[in-house]
Amino acid sequence: MAGDSDVQISRTPTGALLLRATGDNAFDTGKSEPNANFRNFLQTLAQALATQPLLSARVTGHTDSTGDATLNDRLSEARAKATVAALVGLGVAQDRLLAEGRGSREP
């Protein structure tokens with residue numbers, strides 16, 4: 001599932017599933033809309049979520065430390081919201097998704 005998009009899949013210490021798309025593999029520099037590579041992965045993720053209707057997901061946006069911290073905070077939140085919007089557009093119920101931004105605090 002993650003091969004073409006360089007998305008890493010692991011479990012957190014609490015047992016939650018963690019999907020991590022990094023760098024150019026998800027967003028173009030300074031942009032909040034998922035790039036074509038990441039949109040392909042989101043399509044696969046939406047299909048997987050459709051088979052597990054009781055699962056919810058927290059989408060956390062990040063940025064690198066380049067530029068102003070305030071702008072990075074806004075960009076990371078916009079990235080998370082755009083990812084949620086893409087998943088909703090692919091049929092995932094909005095109430096199953098939470099978007100949050102972390103800016104460059106967690107690059």
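Trainee: So helices are DSSP runs of H or I with at least four residues, strands are runs of E with at least two, and both are numbered from the N terminus. Where does aspartate 28 lie?

Mentor: Aspartate 28 is in the loop between strand 2 and helix 1. This is a predicted model, where local features need pLDDT of at least 70 and side-chain atom pairs count only at pLDDT 80 or more, while totals for chains, interfaces and linings use all residues. Residues are numbered from 1 along each chain as its sequence is written, and side-chain values use heavy atoms, with hydrogens and water left out.

Trainee: What is aspartate 28 in contact with, leaving aside neighbours within four places in sequence?

Mentor: Asn35 and Arg79. Contact means heavy atoms within 4.5 Å.

Trainee: New topic. How many aromatic pairs are there?

Mentor: Two, from a search of the whole structure. Rings of Phe, Tyr and Trp (its six-membered ring) pair if their centres lie within 6.5 Å; planes under 30 degrees apart are stacked, over 60 edge-to-face, the rest tilted. Phenylalanine 27 and phenylalanine 38 make a tilted pair, 5.7 Å centre to centre with 55° between the planes.

Trainee: Which parts of the chain does that pair link?

Mentor: Distant ones: phenylalanine 27 sits in the loop between strand 2 and helix 1 (36-50), phenylalanine 38 in helix 1, eleven residues apart. Phenylalanine 27 is buried at 11% relative accessible area, and phenylalanine 38 is buried at 9%.

Trainee: Why is the pair of phenylalanine 38 and phenylalanine 41 called stacked?

Mentor: Because their planes are at 15°, with ring centres 6.0 Å apart. Both residues lie in helix 1, three residues apart, about one turn of the helix. Phenylalanine 41 is buried too, at 3% relative accessibility. Ring pairs join Phe27, Phe38 and Phe41 into a cluster.

Trainee: Last thing, confidence. What is the average pLDDT?

Mentor: The protein averages 86, and 92% of the residues score at least 70. pLDDT is the predictor's confidence in each residue, from 0 to 100.

Trainee: Where is confidence lowest, and where highest?

Mentor: Lowest in strand 2 (residues 17-21), at a mean of 78; highest in helix 2 (residues 69-89), at 95. Over residues 1-5 the pLDDT is below 50, and this stretch has nine contacts in the model beyond near neighbours in sequence.

Notes. Buried < 20%, exposed > 50% of the residue type's maximum accessible area, 1.4 Å probe, protein only.
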